[in-house]
Amino acid sequence: MHPPAEGRMRPSEPHGVVACADMGNPLTTLTLEQLRTRTSAKWRVHPPDVLPLWVAEMDVPLADSIVAALQATASNGDTGYPFGTGYAEALADFAAERWGWRFEIAASTNVPDVMRGMVAVMNLVTGPGDAVVVNSPVYHPFYSYLAHMDRRVVEAPLGADRRIDLDSLELALADAAAGGGRCALLLCNPHNPTGTVHTRAELEGAGELAAAVGARVIVDEIHAPLVYAPATHVPYLSLDVGARAFALLSASKGWNLAGLKAAVAVAGPEAVEELAQIPPQVSHGSSHIGVIAHVAALRGGGAWLDEVLVALDSSRIALGELLAQRLPEVRYEPPAGTYLAWLDCRALELGDDPAATFLQRGRVALSSGPAFGSGGAGHARLNFATSPEILTDAVARMAASL
């Protein structure tokens with residue numbers, strides 16, 4: 001991650017509930033009234049009296065580079081089928097600049113989005129009935145997609161510190177490999193919902209355990225651009241253990257482009273031939289307009305991303321202050337990555353799904369903890385990529401609902 005530009009708030013500076021006005025906080029650009037005119041899922045699933053802090057959408061305007069690219073695309077009528085390797089090239093340059101890792105373009109292919117890319121890669125290395133290990137609690141679509149593929153999910157719960165527990169992982173991988181079938185380890189880094197950013201040592205340890213039982217590793221790195229200093233994102237394929245692994249990356253989360261579908265699947269050097277077996281129709285499933293927007297983000301949206309990271313960094317600390325003031329029994333550790341807060345609400349005695357109480361009584365929509373698998377009961381996920389005013393109101397409503 002680049003250091004903040006002169007004049008921006010730095011992570012070491014004091015954090016308040018309201019960010020400094022002179023830094024052009026992108027989270028304060030749009031009013032609640034403007035946000036409620038949006039027609040995306042975040043703003044339409046729940047009634048208008050609900051503050052939506054659930055699905056992973058940010059309350060920000062688009063980066064200028066993206067707006068310009070989309071306007072030019074519309075003006076030119078360039079709305080046909082996708083073609084070429086421009087997305088992979090932009091992503092490789094971005095990864096080299098930000099993370100010190102460059103992948104070969106020939107080792108990549110476009111995919112419609114990260115989850116459908118995961119499905120395509122998973123079909124290369126496992127089959128129906130095979131086992132897939134996940135670190136629970138984890139992004140809930142992992143469970144639904146794997147169930148639809150007829151894969152057996154084996155959980156390796158994170159430790160109490162919300163980090164990879166290698167002992168737990170070793171047991172889960174042994175279970176997955178029992179019987180001699182193929183198996184895989186599906187990692188999420190940065191981790192959703194906890195916001196944990198796995199270290200090099202943790203990733204290497206996980207990779208070594210997977211290799212010991214012949215498990216193939218697939219890594220969802222969709223939140224990789226959203227990491228706060230001093231943590232750093234370590235691309236799994238930059239490690240020796242990543243030689244036979246696959247990674248799924250996208251500009252979707254970093255630049256708020258979920259509605260413009262596109263992602264890239266990348267293979268480690270010993271898995272390139274396998275990646276080439278993905279059917280052409282999978283890569284054709286990317287949105288051409290999505291690819292254009294993602295390239296514009298990666299090529300011209302770096303300064304915008306840096307401003308968003310400064311604003312999000314302030315918000316993750318401000319959330320802790322608000323919870324300490326209004327809901328001190330809720331356990332919260334500011335995440336090292338993502339804009340998602342994993343709230344331990346068990347001390348409130350609201351049952352397995354505290355999000356249901358906050359929605360019904362407080363009119364605040366959070367993501368339900370149990371949906372994230374083992375370790376999710378009594379928890380809720382909160383999206384803090386919103387204005388300080390909305391965040392303050394949301395915590396006040398949550399407190400008043402008790």
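User: In this predicted model, is Asp150 buried, partly exposed or exposed?
Analyst: Buried means under 20% relative accessible area, exposed means over 50%, and partly exposed lies in between. Asp150 is placed in the loop between H6 and strand E4 (152–155), and its phi is positive, about 60 degrees, although it is not a glycine. Its relative accessibility is 47%, so Asp150 counts as partly exposed.

User: Is Arg162 buried or exposed?
Analyst: Arg162 sits in the loop between E4 and helix H7 (166–177). It is a residue other than glycine with a positive phi, near 65 degrees. Most residues other than glycine have a negative phi. With a relative accessibility of 16%, Arg162 counts as buried.

User: How many helices and strands does the protein chain have, and how compact is it for its length?
Analyst: The secondary structure comes to 14 helices and 12 strands. The globule rule gives 21 Å for 402 residues, and the radius of gyration is close to that value, so the chain is as compact as a globular protein of that length. Along the principal axes, its C-alpha atoms fill a box of roughly 55 × 55 × 40 Å. The values asked for are thus 14 helices and 12 strands, with a radius of gyration of 21 Å.

User: What percentage of the residues is buried?
Analyst: The accessible surface of the protein chain is about 16,000 Å², of which carbon and sulfur atoms supply 53%. The share of buried residues is taken over the 402 residues of the protein chain, and it is 56%.

User: Which residues touch the most other members of the largest nonpolar core?
Analyst: In soluble globular proteins, nonpolar side chains tend to be buried together. The largest core here has 98 residues, and its largest share, nine residues, comes from helix H12 (residues 302–326). Apart from this core lies another of 31 residues, including Val114 and Ala265. The members of the largest core that touch the most others are Trp255, Leu312, Tyr339 and Leu382.

User: Which residues does the cis peptide bond with omega of about -5 degrees join?
Analyst: Most peptide bonds are trans. A cis bond with omega of about 25 degrees joins Asn192 and Pro193, and Pro193 lies in the loop between strand E5 (183–188) and helix H8 (200–213). The bond with omega of about -5 degrees joins Ser136 and Pro137.

Notes:
Residues are numbered from 1 along each chain as its sequence is written. This is a predicted model: local features need pLDDT of at least 70, side-chain atom pairs count only at pLDDT 80 or more; totals for chains, interfaces and linings use all residues. Side-chain values use heavy atoms; hydrogens and water are left out. Helices (H or I, at least four residues) and strands (E, at least two) are DSSP runs, numbered from the N terminus. The radius of gyration is taken over C-alpha atoms; the globule rule is 2.2 Å times the number of residues to the power 0.38. Buried means under 20% relative accessible area, exposed over 50%, partly exposed in between (1.4 Å probe, protein chains only). Accessible areas come from the Shrake-Rupley method with a 1.4 Å probe; for residues, only the protein chains shown count as cover. A nonpolar core is a set of buried Ala, Val, Leu, Ile, Met, Phe, Trp, Tyr and Cys residues joined through side-chain atoms within 4.5 Å.
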